[in-house]
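Here is a short note for a colleague who is new to this structure. Please read the points with the model open beside you.

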Amino acid sequence: MQGEKAPNKLKVLMSSYAICAALLLLSIDLGGRLLTQYAPQVLSLSPFKAANRSWVWWNVRDFNELKSAPDIVLLGSSLMMAPLHGGDAAHLNLPQNVAFHHHSQLLEDLLKEKFGRTYRTFAFALGGEMVSDAYVIAHTLLKDDRKPKVIIYGIAPRDFMDSALPSASSTEIFKYMDRVGDLSEIDKESAGSPWEQGEKRLSKVSFTYRHRPDFLYVQHRWAKELFRKLLGYEELDQVRSPLHVRKQAFLELPEDFGPTSLFVTPPPVIAEPYKANLEEYKFRYRKLNLKQFNSQLAFLERLLAMAEDDDTRVVIINMPLTTDNVALMPAGFYQSYLEQVNGIVKKHQALFLDLNDPTLFPQKYFTDSVHLNGRGGQHFFEVLADRLKQDQQTAAVIEKAGNTK
Amino acid sequence: MLFNSFKYALFLPIVFALFWLCPQKWRVWILLIASYVFYMSWRPVFILLIIGLTLVNYYLGFAIHKSGKRKKHWLALAVVLNLGTLAYFKYAYFLTETVSQCLKPAGLPQLSLPFEIILPLGISFFVFEFIHYVVDVYRGSEPIKSLSAFALFASFFPTQIAGPIKRFQDFIPQFLAPAQLSVAIFDSAISLILLGLFKKVLIADNLSFFVQGGFSQPHLFSGLDLWIFAYAFAFQIYFDFSGYTDIARGSANLFGYKVPINFNLPYLACNISDFWRRWHISLSTWLRDYLFIPLGGSRVSKWLNYRNLIITMTLGGLWHGAAMHYLLWGLYQGVLLVAHKEFQNVKAKISWLKNAIDSKAGKIASVILTFHVVCIGWVFFRAETNALALSMIGRMLTFTPATELALGQAPGPLKTLAMVLPTINFPLIYPAIFLLLPVLAIAHVAMGWLNTTTIIERTPKTAKVIWCCAMMFLVIVFSPDKSPRFIYFQF
């Protein structure tokens, strides 16, 4: 009797089209997994084909086009991004296109002046970059024949504790780098809630779930093609919408920038305008999340340990901030941040430069409470080049890294 | 816990398995516990509110039923308690602010609440269900004897947060009878859930990003652009709310329970009265039975009838949210209903007008006109303030061109049309949005059509498998990472 019941139950289950559909989807998913493993050329999936072109997408794209490893890599958030673009715009007196400008001409020229050699820099200075993001960039890209001799990493307290951030893996940079490389070794540290960890596991198991951005890209390509054919409208990759409209959308949407979305212009002759943004930072600093802070410190330690193993000299810069901004931080936090970062840097024999000095960077060098303006950017790299030259160990590495041609 | 979340994708199968694996006598309790867990997943403390109101209404139901002459007093107490709770949580800020605004010109001190009030999820829905219960018991219905069944009626997780607003006479007998599950019920439940997710995550969520851009900076866009934003919001709110209802109905079906439909092709309504028979049906029938009729309904003089319509719709508007723009939206609906009644009177007297409107072309024109009138209403609903709504509507009706600054970004042909919109490149939806809007109008009909099970039943199994698999695939692939909440969750 029991022998007869089992097939009947199976028959009943298989008579459900919803169950059959789920099984069909599982088979397609499995097929996708097998194809990516054994015949990846059939699907030709690539993380470089993305529906949304975030700043990190533009950086990775250009980094991959480099013929050899850069001598110096710059890492940091918008606090590094501002002097990078603003400094070069001031130095060259030319507007800098943020989508394509990924090196510091100013630093290269200053180092040439000081060391008598030529250098190639590459900057992964990206808005909102947390320490975990800097680590995943280094872990994924700065390896094998792409290892630089020196990493200059500009940090600030916000990179360790941002109440606007649910978890390390929720940033645009992390999500994109997760497509580019294998970040499974830091799954536990990067995911926030158990749900997020569950989603991560699902993306490991399911081909469909993991490759959602690829399918999104295909939808974009097809839709654009259809749009072209229907309206004869060609320039669909350009972004023309006003930035403030797009900023509103980016609160909910992934970043997307076209090739001419943002230019940083040379500073005006008169004083540069100052924009108050303390409210934003009040929100960012409103609650000291010790778990997040410790986790980001651990990522800094991982980055330094990796560089130590690779024989890469790391220079950690405490980026300049206005005194108003530092005053917003929870009591005792800034001092503790400085001490803990300093301790880790010392442990891994890197160089720590504290440039957060109001006498060195007074308010005239800032465009708001955290970002340097064009002249501030220029001044920042001048100070940095001096300090690099002053530190014997770093100077020796830089000396060796440059090209005599 | 959102229906379109990973949490719900785990929660629902667990409850489903427990429900069907356990004996019949435990099932109401399993659903009740699951419903309380579902409610507590947001802010656990509010479980006390739902349990408290359940107990109060349960015992007041008996008090109303048993007392003879004093039953009116018990009913009044029940209504005051329910509405008082709703008013405290939902309207305290609004009332304080409104009174403050009134006191301001007289130079009197401004009022402010000394504490923070958080609006519990779904309160507008379960309070309306409690009021329906006590009023119907007052009108002669038998009160519910089983406390667990009554508690589940109010807290049933598929309908807990955003309805449909249920009627206990339809719902309680389903709990008390042994639940049945068949492959056909299971399949139709899964189809409904998938259809709902498809509407929510693929259409409504993607439209929401687009709509947000327009409603946050309307001054940048031309009148033509703003019409497109209004159309987009009309479809966003429809697909969001009807998607939610489909998931709710599908989830309830998985336990063998039927929840009433809430939408019946609303944008095919040929007048505003017809629209309200098709849109949020459970709310409009509630307003009719527990507000409009007690006010006197239509069996009164013409002007009293109009007054009743305006009061009902204005309060219905305010039910959606404690803000002046919802009140204005409700008032607008009331005025439209009155205008429609007046027009009906005029139409009845002029035969050529009647013939023209009743012709095929007349009906199509009526549908188009009704849709546009509804879209204007949605601007009041969606805009954050009345001033913004009125300015948007002004630009829409006069087809104001876009500002030079915004137009400067547009290429030649679009400049001629004075449209800024096609130049906005939003990552997820663009450029499909312009292809999507006309498709949505058709999809609106198609979705309603798909909701009728006879069509699904007649389809060959292979086609159903492929359709279902495609829906699963699309929902997985195109769900935005940060899905906005269902619009009706805030009410």
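How does Cys270(B) count: as buried, partly exposed or exposed? Cys270(B) counts as partly exposed, because its relative accessibility is 32%. Keep in mind throughout that this is a predicted model.

1. **Cysteines.** A disulfide is a covalent bond between the sulfur atoms of two cysteines. The search of the whole structure, over all chains, finds zero disulfides. Take Cys468(B). The closest cysteine sulfur to its own belongs to Cys469(B). The two sulfurs are 8.0 Å apart, so they are too far from each other for a bond. Cys468(B) has a relative accessible area of 0%, so it is buried. Cys270(B), in contrast, is partly exposed at 32%.

2. **Chain B overall.** Chain B has 22 helices and zero strands. Its length is 491 residues, and 57% of them are buried. Consider the contacts in chain B with a separation of 6 or more: 74% of them join residues 24 or more positions apart. The accessible surface of the chain is about 20900 Å². Carbon and sulfur atoms account for 70% of that surface.

3. **A buried asparagine in chain B.** Which helix holds Asn82(B)? Asn82(B) sits in helix α4 of chain B, residues 71–103. The relative accessible area of Asn82(B) is 0%, so the residue is buried. Set aside its neighbours within four places in sequence. Asn82(B) is then in contact with Leu53(B), Asn57(B), Val127(B), Phe130(B) and Ile131(B).

4. **Strand β1 of chain A.** Now turn to chain A. Strand β1(A) covers residues 72–76. Five of its five residues are buried, so the strand is largely enclosed by the rest of the structure. In a regular strand the side chains alternate between the two faces of the sheet. Both faces of β1(A) are covered. Ile72(A), Leu74(A) and Gly76(A) are buried on one side. Val73(A) and Leu75(A) are buried on the other.

5. **Partners of β1(A).** Which strands does β1(A) pair with? One is β3(A), residues 121–125, joined to β1(A) by five bridges. These two strands run parallel. Gly76(A) has Ala125(A) as its bridge partner in β3(A). Another is β4(A), residues 150–155, also joined to β1(A) by five bridges and running parallel to it. Here Leu74(A) has Ile152(A) as its bridge partner.

6. **Strand β6 of chain A.** Strand β6(A) spans residues 313–318 and is mostly covered, with six of its six residues buried. Both faces are covered here too. One side holds Arg313(A), Val315(A) and Ile317(A), and the other holds Val314(A), Ile316(A) and Asn318(A).

7. **Partners of β6(A).** Six bridges link β6(A) to β4(A), and the pair runs parallel. In this pair, Val150(A) has Arg313(A) as its partner in β6(A). Four bridges link β6(A) to β7(A), residues 351–354, again in parallel. Asn318(A) has Asp354(A) as its bridge partner in β7(A). **Val345(A).** Val345(A) is placed in helix α17 of chain A, residues 333–347. Its relative accessible area is 1%, so Val345(A) is buried. What does Val345(A) touch, not counting residues up to four places away in sequence? The list is Leu304(A), Ile316(A), Ala350(A), Leu351(A) and Phe352(A). Ile316(A) is one of the buried residues of β6(A). Val345(A) and Ala305(A) are 40 residues apart in sequence, and their C-alpha atoms are 9.7 Å apart in space.

8. **A nonpolar patch on chain A.** The last point concerns the surface. Leu10(A), Leu13(A), Met14(A), Leu23(A) and Leu26(A) form a nonpolar patch there. Together they have about 460 Å² of accessible area. Helices α1(A), residues 2–14, and α2(A), residues 17–38, each supply at least two residues of the patch. The largest share, three residues, comes from α1(A). Leu10(A) is found in helix α1 of chain A. Why does Leu10(A) count as exposed? Its relative accessible area is 52%, and the cut-off for exposed is over 50%.

How values were computed:
Residues are numbered from 1 along each chain as its sequence is written. Chains are lettered from A and ligands numbered from 1 in the order in which they are written. This is a predicted model: local features need pLDDT of at least 70, side-chain atom pairs count only at pLDDT 80 or more; totals for chains, interfaces and linings use all residues. Side-chain values use heavy atoms; hydrogens and water are left out. Patches are made of residues with over 30% relative accessible area and no salt bridge: like charges are joined within 9 Å, nonpolar side chains (Val, Leu, Ile, Met, Phe, Trp, Tyr) within 5 Å. Accessible areas come from the Shrake-Rupley method with a 1.4 Å probe; for residues, only the protein chains shown count as cover. A salt bridge is a side-chain nitrogen of Lys or Arg within 4 Å of a carboxyl oxygen of Asp or Glu. Buried means under 20% relative accessible area, exposed over 50%, partly exposed in between (1.4 Å probe, protein chains only). A disulfide is a pair of cysteine sulfur atoms within 2.5 Å. Contact means heavy atoms within 4.5 Å. Two strands pair if DSSP finds at least two bridges between them.
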